[in-house]
Number of protein chains: 2
Amino acid sequence: MRALGDLIVRRAAKMLTNCGDAPVFEGPAAVIIRDGRVAKVVSELDLRDELAGSSDAPELDAEGRAVIPGFVDAHTHLVFAGDRADEFAARLEGRRYEAGGIMRTVEATRAASLDDLVAGIVERAGRCLDGGTTTIEVKSGYGLETETERRCLEAIQRAGDLVEPELVATFLGAHLNPEPGYIDMLIEEMLPVCAPLASSCDAFCDVGALSVDESRRVLLVGKEHGLTPRLHAEELDHTGGAQLAAELGCASADHLVHASNEDAAALAAAGVVPVLLPATSFSLRSSYADARRFLDAGAEIALATDCNPGTSYTTSMPFVVALACSVYGLSATEAVRAATAGGAKALRRDDIGIVGPGARGDLVVIDGEDWVDLAYHPGMDTIAHAVKEGSIVR
Amino acid sequence: MRALGDLIVRRAAKMLTNCGDAPVFEGPAAVIIRDGRVAKVVSELDLRDELAGSSDAPELDAEGRAVIPGFVDAHTHLVFAGDRADEFAARLEGRRYEAGGIMRTVEATRAASLDDLVAGIVERAGRCLDGGTTTIEVKSGYGLETETERRCLEAIQRAGDLVEPELVATFLGAHLNPEPGYIDMLIEEMLPVCAPLASSCDAFCDVGALSVDESRRVLLVGKEHGLTPRLHAEELDHTGGAQLAAELGCASADHLVHASNEDAAALAAAGVVPVLLPATSFSLRSSYADARRFLDAGAEIALATDCNPGTSYTTSMPFVVALACSVYGLSATEAVRAATAGGAKALRRDDIGIVGPGARGDLVVIDGEDWVDLAYHPGMDTIAHAVKEGSIVR
């Protein structure tokens, strides 16, 4: 494991701190990181005084570039085996593809060893880091039986010791409801085994997956096991998941393509973070959520990749930010805030997604003077450096 | 300058050759390149016989990945100074931005030295190469007076000697019609000076730019100077540019957001290549062209970046391919063909955009078993290697 670092990031053109009433710190700015945590954000002009004349901490010269918090990708399915490129190709060509869907990945994942699953996460988390992501929520859910769900969660835990980004595990045994009695089995058998390996419990509440009542059952028992509830809601159709998320005080309600104004108001009132996943709509060529609806209702939104082999196989938060600006009409600052502080709130974390005293020293130096470059240069590599807890990791 | 290389690319899972009736060569496949040109595409199994037992040519092991021709980006404005990130940000925020638009880049470009312009092209062409682009059309057009237009074209020529991708220069003095008498001046003064430095002549035929009659005048005189005509047509509104492009037998008609079925039929009948620029619509948050309209009419379409500081500041052909699949509903093979053979046809070239005997040895090894990965992994780095005339350049 990497040691918690001391680092001084210097000469930032500007910095998105996401802190308090002045979330943008105009430069030239510097960040002092000690033992992996942000000690202070200061003007470059005051840096010498702050350091009391001397410091032997390593320095990262931002060279007049913009600095933002490391991306917090609050919704991924990074643990799986196999891919579904041929199914994706068939969909683009309008060809029917038999034996596709989640169950195909379930079969491959059940057949994979723990080592294979770990290797897959390690490879993908490295790609996430290339895009500036320093914290990744990872859901299980391609097991749909106890042993594989447990193995997937163990793989997340093991991979977490091998990669630079922090991995945060969510139990998504309720990814489908494949057969009669499955929910009972999930509650009685899977949850006791899986809960110790996860911090959240998720359910896919939608047509063809779980009903509102089934989702409620799962999340309530998950709570009894100490798991924070979150919910896939209103993606394929409007089935009532958003209201359930508000009722249960979920940390997040995710997708929300078909949510209403009433749903947005309920989520905002309950402090549930709408996690929006535009790359999924992009890959599926389906409708996009209405991001402005949630902002207008007063919610703090998050942006995430939904990285999974079926409907959104990208690890790139810069792509998601650019897409959110184009299809949602977010400003660059709104989009980057959603991809950092918004993701942190969806994970109920106050130590990431910001650059302020006490926060983890997780930063991205943009390859440009402003974070608008993430959207201004879509598809290009716009990440100059990534810093994780005070160590330069890219 | 790089020497023309000998190279054997081995163990391709499959290859998009764009040649004849079997444009996809199923692997394992190999390409033999001699003196920078493709000698033969063969099955890996036949390679030993083809080489008559011995060869000292360097090898590139594709390791079971897919191979496509190098991307041909047939529409860019890569020669300019300054950027307009703040204007882009203001547009996203719905703020009015005074003094923006093409004229702002014109002012910065007029103030730039030849060396500065060369350096800008070199930097951007390197980014293009990162995305697998081996041929780039570059338009002048941010001078709007003779000396700067000439300097821009000279910069393209000089940069062409410094970068790996081939640069193909287009004279776009008719980027706007800024003042009375400008078109006369362009014809009498600019064209004689600029024509020797370019291979094509372009005009921006649209509301706020040139009329159909003005565009016709410019392109016809350009033809007299030996320049191939091409035209920005039907981008902002429908003004008749597509029909003009058909009438003049232009090599390409570009943008075509507002083109009709009749326009598509006329372009196809005249052999004019519709060059579609989805990244521009993405960045402007405006309407997308209807790509299928042109394919249904029997045209060969091209995809390009339109890379420019105002309306599409990306160099990434993989992003354009992914976007074309999502917004146009192209298959991955249709999109990659448009980004390679389509671009070549738009440049009236038969030695690029294909992998066949006599063609330049310009290849991309995709970081995956199929080129569908370009669209399956949007925003990610999907280029494993690029080869230019038999040399491994990335």
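1. Helix α2 (residues 85-92) of chain B is largely enclosed by the rest of the structure, because six of its eight residues are buried (under 20% relative accessible area, with a 1.4 Å probe and protein chains only). Helices here are DSSP runs of H or I of at least four residues, numbered from the N terminus. This is a predicted model, in which local features need pLDDT of at least 70. Residues are numbered from 1 along each chain as its sequence is written.

2. The buried residues of α2(B) are Ala85(B), Glu87(B), Phe88(B), Ala89(B), Ala90(B) and Leu92(B). They pack against α12 (317-328), α13 (332-346) and α14 (373-376) of chain A, and against α3 (102-110) and α10 (278-284) of chain B. Just after α2(B), Gly94(B) has a positive phi of about 70 degrees.

3. Helix α4 (residues 114-130) and helix α5 (residues 146-160), both of chain B, pack at an angle of about 50 degrees, their axes 9 Å apart; axes are lines fitted to C-alpha atoms over the stretch in contact, and angles run from 0 to 180 degrees between N-to-C directions.

4. In helix α7 (residues 212-224) of chain B, Val212(B), Ser215(B), Val218(B), Leu219(B), Val221(B) and Gly222(B) are buried. Elements packed against these residues include β8 (166-174) and α6 (182-194) of chain B. Just after α7(B), Gly226(B) takes a positive phi of about 90 degrees.

Notes. Chains are lettered from A and ligands numbered from 1 in the order in which they are written. This is a predicted model: local features need pLDDT of at least 70, side-chain atom pairs count only at pLDDT 80 or more; totals for chains, interfaces and linings use all residues. Side-chain values use heavy atoms; hydrogens and water are left out. Buried means under 20% relative accessible area, exposed over 50%, partly exposed in between (1.4 Å probe, protein chains only). Helices (H or I, at least four residues) and strands (E, at least two) are DSSP runs, numbered from the N terminus. Contact means heavy atoms within 4.5 Å.
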